[in-house]
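These are my notebook entries from an afternoon with this model.

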Amino acid sequence: MSLMSLTALELGRKIQNKETSSVEAVKEALTKIRRMDKELNCYVTVEEESALQKAEEADEKIRAGIWKGPLAGVPMAVKDNLCTKGIRTTCSSKMLESFVPAYTAEAVENLERAGAVILGKTNMDEFAMGSTTETSYFGPTKNPWNAEHVPGGSSGGSCGAVAAELCSFALGSDTGGSIRQPSSFCGVTGIKPTYGTVSRYGLIAYGSSLDQIGPVAKDVSDCASILEVIASRDKKDSTSVKRSSYDFTSGLNRGVKGLRIGIPKDYFGEGLNEEVRAHVLGAAHVLEEQGAVLEEFDLSLVEYAIPAYYIIASAEASSNLARFDGVKYGYRTEDYEGLHNMYKKSRSEGFGAEVKRRIMLGSFVLSSGYYDAYYIKALKTKALIKQAFDRAFERYDMILAPAAPSTAPKLSESLQDPIQMYLGDIYTIAVNLAGLPGISVPCGRDQKGLPIGLQLIGDCFQEEKILRAAYAYEQTRAYERCPLAKTELF
């Protein structure tokens with residue numbers, strides 16, 4: 001069996017037990033990347049020399065008994081909006097095509113301190129703006145289950161790399177579902193933690209009040225263990241929270257007996273694909289058979305989540321991306337006349353169409369005369385959505401929903417209609433508006449063989465509950481490897 005077909009924890013145990021080595025695992029991953037990634041385009045940058053060197057260091061420290069953690073020596077990938085010292089960080093944009101940071105994101109540094117080995121940086125929608133990984137300056141990533149379909153986004157490169165077994169696990173970022181939706185499309189597990197649980201230091205910002213870093217892996221145990229490593233209070237991030245406990249693994253096998261699970265009627269109405277509905281409700285029935293108490297309820301305000309989200313996210317993006325002006329770093333146009341012309345041409349040439357669209361929308365809603373009419377109303381709606389979730393969590397331990405309204409669409413379909421692409425986030429964005437944790441777990445496939453994801457949403461700082469339920473459900477079905485991952489390369 002291929003080392004890359006193992007879960008991160010299984011591989012970590014083999015490395016600790018000297019049944020294999022980090023160098024062997026990294027070599028296998030790099031071989032698979034060389035042979036498969038020209039087709040899939042999951043990676044923007046692959047650090048072969050550095051990865052092998054770090055793997056040798058990991059093996060030495062493991063032999064010396066210095067690194068004993070479950071992820072020591074395990075090869076990982078990092079989404080390309082997380083800064084990595086000495087490794088190109090592009091946000092999949094022409095604007096940052098040659099940018100090499102002088103520091104590393106706190107979440108990545110936590111994993112490196114635990115002994116994980118970075119293979120490279122994964123493709124994404126430009127500046128995380130998109131739901132298909134097609135807005136990347138470096139070309140679209142393809143879904144390993146079917147290369148004619150998208151992997152989802154914006155963390156499509158990370159989710160595709162895990163599904164295709166081009167790494168053991170990956171980091172992504174989630175602003176409106178960017179971990180959970182591509183995890184659903186690619187048949188892997190991804191968790192978006194409570195806002196503030198993982199430091200955003202070193203994450204190149206899109207929507208600062210919404211962004212959160214999280215893990216993507218083959219199963220729930222891996223995600224829980226990775227989250228334990230990356231979660232921390234960080235003085236460099238003012239939104240980082242000190243939690244009473246960072247234990248996400250010890251309660252996984254406690255089961256779901258007695259847990260109250262709410263099923264929002266609003267999430268199962270018009271617009272939801274029938275096959276997705278059937279598989280998600282089938283998963284709900286499995287949890288009920290295990291002792292969970294299920295009940296339908298009205299969540300309300302769902303129809304307002306998308307307009308509120310895109311107003312707030314675009315407003316924050318227009319502010320955050322103002323720094324990319326061709327002066328200090330990033331792309332600068334070659335031919336310009338004067339400072340203001342240089343600003344305009346650098347930004348016009350450096351940003352792609354979707355990024356420009358959101359900057360313009362954000363600038364519009366923040367402008368004089370429209371600030372009160374749009375931005376302030378969106379903030380008020382955000383507060384009302386949080387209150388709706390608060391009322392729900394007075395009655396339920398968690399909420400069960402689809403991760404996406406359909407399976408992965410074909411390449412180029414979504415880009416033809418941006419509004420339709422935005423509507424694809426309908427079941428995920430409210431979680432970010434309310435700062436809640438959410439996890440996507442595979443729960444079946446449609447008639448075309450494309451994966452379907454079950455989403456579990458918890459109250460703030462209640463990751464332990466949704467991880468328990470996700471783990472309980474996961475134990476009832478085997479992990480499905482995509483056909484491409486099964487291809488024998490050795």
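**Entry: cysteines**

I went to C443 and found its sulfur 15 Å from the closest cysteine sulfur, in C186, which is too far for a bond. My cut-off for a disulfide is a pair of cysteine sulfur atoms within 2.5 Å. C443 counts as buried at 5% relative accessibility; buried stands for under 20% relative accessible area, exposed for over 50% and partly exposed for in between, with a 1.4 Å probe and protein chains only.

How many disulfides does the structure hold? I noted zero. C223 is likewise in no disulfide, and the nearest cysteine sulfur, in C159, is 9.5 Å away. C223 is also buried, with a relative accessible area of 0%.

**Entry: ground rules**

I am working with a predicted model, where local features need pLDDT of at least 70 and side-chain atom pairs count only at pLDDT 80 or more, while totals for chains, interfaces and linings use all residues. Residues are numbered from 1 along each chain as its sequence is written, and side-chain values use heavy atoms, with hydrogens and water left out.

**Entry: the sheet**

I took helices (H or I, at least four residues) and strands (E, at least two) as DSSP runs, numbered from the N terminus. Two strands pair if DSSP finds at least two bridges between them.

In what order do the strands of the sheet lie? I read β1-β3-β2-β4-β6-β5-β10-β11-β9-β7-β8, eleven strands in an open sheet with mixed pairing. At the edges I found β1 (43-46) and β8 (293-297), each pairing on one side only. The twist averages 30° from one strand to the next; axes here are lines fitted to C-alpha atoms, for helices over the stretch in contact, and angles run from 0 to 180 degrees between N-to-C directions.

**Entry: strand β5**

I then followed β5 (residues 189-192) on both sides. Two bridges join β5 to β6 (residues 212-217), and these strands run antiparallel. I found T189 opposite A217 and G190 opposite V216, both partners being in β6.

With β10 the pairing of β5 is again antiparallel, over three bridges. Here I191 stands opposite I439 in β10.

Which residues of β5 point one way, and which the other? T189 and I191 go one way, G190 and K192 the other, and I noted all of them as buried.

**Entry: helix α7**

I moved on to α7 (residues 220-230), which lies across β4 (169-174), β5, β6 and β10 (438-445) and runs at about 145° to β6.

I also checked α7 against α4 (residues 106-113): their axes come within 8 Å and cross at roughly 105°. That makes α4 roughly perpendicular to α7, on a scale where under 35 degrees is roughly parallel, over 145 roughly antiparallel, 65 to 115 roughly perpendicular and the rest oblique.

Which residues meet there? From α4 I listed A107, N110 and L111, and from α7 I226, V229 and I230. Contact means heavy atoms within 4.5 Å. By class, I noted five nonpolar, one polar and no charged residues. In that scheme Ala, Val, Leu, Ile, Met, Phe, Trp, Tyr, Cys and Pro are nonpolar, Asp, Glu, Lys and Arg charged, and the others, Gly among them, polar.

**Entry: I230 up close**

I230 lies in α7 and counts as buried at 1% relative accessibility. Leaving aside neighbours within four places in sequence, I found I230 in contact with A107, N110, L111, L171, V198, G214 and P215. I also looked up S314, 84 residues from I230 along the chain; the C-alpha atoms of the two are separated by 27 Å.

As a reminder to myself, most residues other than glycine have a negative phi, and most peptide bonds are trans.

Where is a cis peptide bond? I found one from G153 to S154, with omega near 10°. S154 has its place in the loop between β3 (117-122) and α5 (156-163).

The loop between β3 and α5 also holds F127. Its phi is near 50°, positive in a residue other than glycine, and F127 counts as buried at 3% relative accessibility.

C91 is not a glycine either, yet it has a positive phi of about 55°. I placed C91 in the loop between β2 (75-79) and α4. Is C91 buried or exposed? My note says buried, with a relative accessible area of 0%.
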